[in-house]
Amino acid sequence: MGAAFVFFLLSFLLGIVMGSNDAGNILGPTVANGVFKQRKALIVSSIFVIAGAMLGGLPGMRVASSLVKTSIAEAIIINLSVISVTIYFLLNKLPISMTQVIVGANVGIGIVTKELDPKILLGIVFAWFLTPVISYTVSFAFFKTFSIIFKRIKNLQSRNILLMIMLWGFTIYGSYSLGANNAGKITGILYNKGINVYFLLFFSGITLALGIFLFGKRTIYTVGKELIPLDSFSSMVCIFSSSFSIWFFSQFGLPVSSAHAIVGSILGSGTARGTKIVNKNIFQKIVFSWIEAPILSGLFSALLLLIYRLLW
């Protein structure tokens, strides 16, 4: 009972940190560029991330529980590793993909215990590479197509109303997709261990929502503004294409990174309108973190497990 309490406490912290970290990937394009008011966007996103976890999170729970077979103690070590590596990155003001940190920590444990499913891992890694590619492609095509449609709407007021409706619709869609894809990362390890699955999904959704609402404003302005400046139309394109990528892989339960999705969509939109990356240092830091973070979390979780076995 005590070990389960520790796991849920760490999962609670993990969900909050994840919600805070991922908020910028959904809300950055609109809030950072002045399209939406920050508080209203945070409230709406918090509500629909819970809906996404409850209604779309089950496939991710199944995959998370199948990647590595763990005990409660090993699950606690995974969460400790994820939180520690994430804090290290945040303190050093480095961008981070928490999806890769979580999977990396699982792999570290799985290698030590020899309980890792290589087929599932291969599918996850393949999805990681596909995520920015799909986001880029959809963003580029969507921008080109809808820019033609919007230019045909001569009435400026009608155009702005349609744009705002689509922006809110895609923001809701993105928040829902985020909840669906992230739920399994937080409590999926406990799937099929005698705990009600809908409690696990709700728990994941609530923690994500708290992270978005309480701390999301801290991450909104990095990806949303410093990589490539976006106007309202480009923001709409980016939110839709990144949301679609996250939602698509959620249908298969594959945990992908919203950071991969939003960066791919921003670059696709930028290419479509002929805009280059304005801050290459930020871009290089983001790409570097995608490689470094899972390696560090994997090594750290394996080390913690070895220490735990020596002591207990």
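Phe213 is found in helix α8; helices (H or I, at least four residues) are DSSP runs, numbered from the N terminus. Phe213 counts as partly exposed because its relative accessibility is 31%. Buried means under 20% relative accessible area, exposed over 50%, and partly exposed in between (1.4 Å probe, protein chains only). The model is predicted: local features need pLDDT of at least 70, side-chain atom pairs count only at pLDDT 80 or more, and totals for chains, interfaces and linings use all residues. Residues are numbered from 1 along each chain as its sequence is written, and side-chain values use heavy atoms, with hydrogens and water left out.

Phe213 is one of the residues of a nonpolar surface patch of about 900 Å², which also includes Phe5, Leu9, Ile43 and Leu210. A patch is made of residues with over 30% relative accessible area and no salt bridge, with nonpolar side chains (Val, Leu, Ile, Met, Phe, Trp, Tyr) joined within 5 Å and like charges within 9 Å. A salt bridge is a side-chain nitrogen of Lys or Arg within 4 Å of a carboxyl oxygen of Asp or Glu. Accessible areas come from the Shrake-Rupley method with a 1.4 Å probe, and for residues only the protein chains shown count as cover. At least two patch residues come from each of α1 (2-31), α2 (38-56) and α8 (197-215). The largest share, 5 residues, is supplied by α1.

## Nonpolar cores

The largest nonpolar core has 78 residues, and Val82, Ile124 and Met236 touch the most other members. Such a core is a set of buried Ala, Val, Leu, Ile, Met, Phe, Trp, Tyr and Cys residues joined through side-chain atoms within 4.5 Å. Helix α6 (residues 118-151) gives this core its largest share, 10 residues. Another core, of 8 residues, lies apart from it and includes Leu230, Cys238, Ile262 and Ile266.

Not counting residues up to four places away in sequence, Val82 touches Leu14, Met98, Val101, Ile102 and Ala105. Contact means heavy atoms within 4.5 Å.

## Buried residues in helices

Thr86 is placed in helix α4 (residues 72-91). Thr86 is buried because its relative accessible area is 1%. Leaving aside neighbours within four places in sequence, Thr86 is in contact with Val17, Ile96, Met98 and Val101.

Helix α3 (residues 58-67) has Gly60, Met61, Val63, Ala64, Ser65 and Leu67 buried. The cover over the buried residues of α3 includes α5 (98-113), α6, α7 (156-187) and α8. Trp290 lies in helix α12 (residues 280-311) and counts as buried because its relative accessibility is 15%. Not counting residues up to four places away in sequence, Trp290 touches Ser97, Gln100, Ala259, His260 and Val263.

## Aromatic pairs

The whole structure holds 19 aromatic pairs. Rings of Phe, Tyr and Trp (its six-membered ring) pair if their centres lie within 6.5 Å; planes under 30 degrees apart count as stacked, over 60 as edge-to-face and the rest as tilted. Phe36 and Trp168 form a stacked pair, 3.9 Å centre to centre with 10° between the planes. This pair links distant parts of the chain, 132 residues apart: Phe36 is in the loop between α1 and α2, and Trp168 is in helix α7. Phe36 counts as buried because its relative accessibility is 6%, whereas Trp168, at 22%, counts as partly exposed.

Phe150 and Phe233 form an edge-to-face pair, 5.3 Å centre to centre with 70° between the planes. Phe150 lies in helix α6 and Phe233 in helix α10 (residues 232-250), so the pair ties together parts 83 residues apart in sequence. Both Phe150 and Phe233 are buried.
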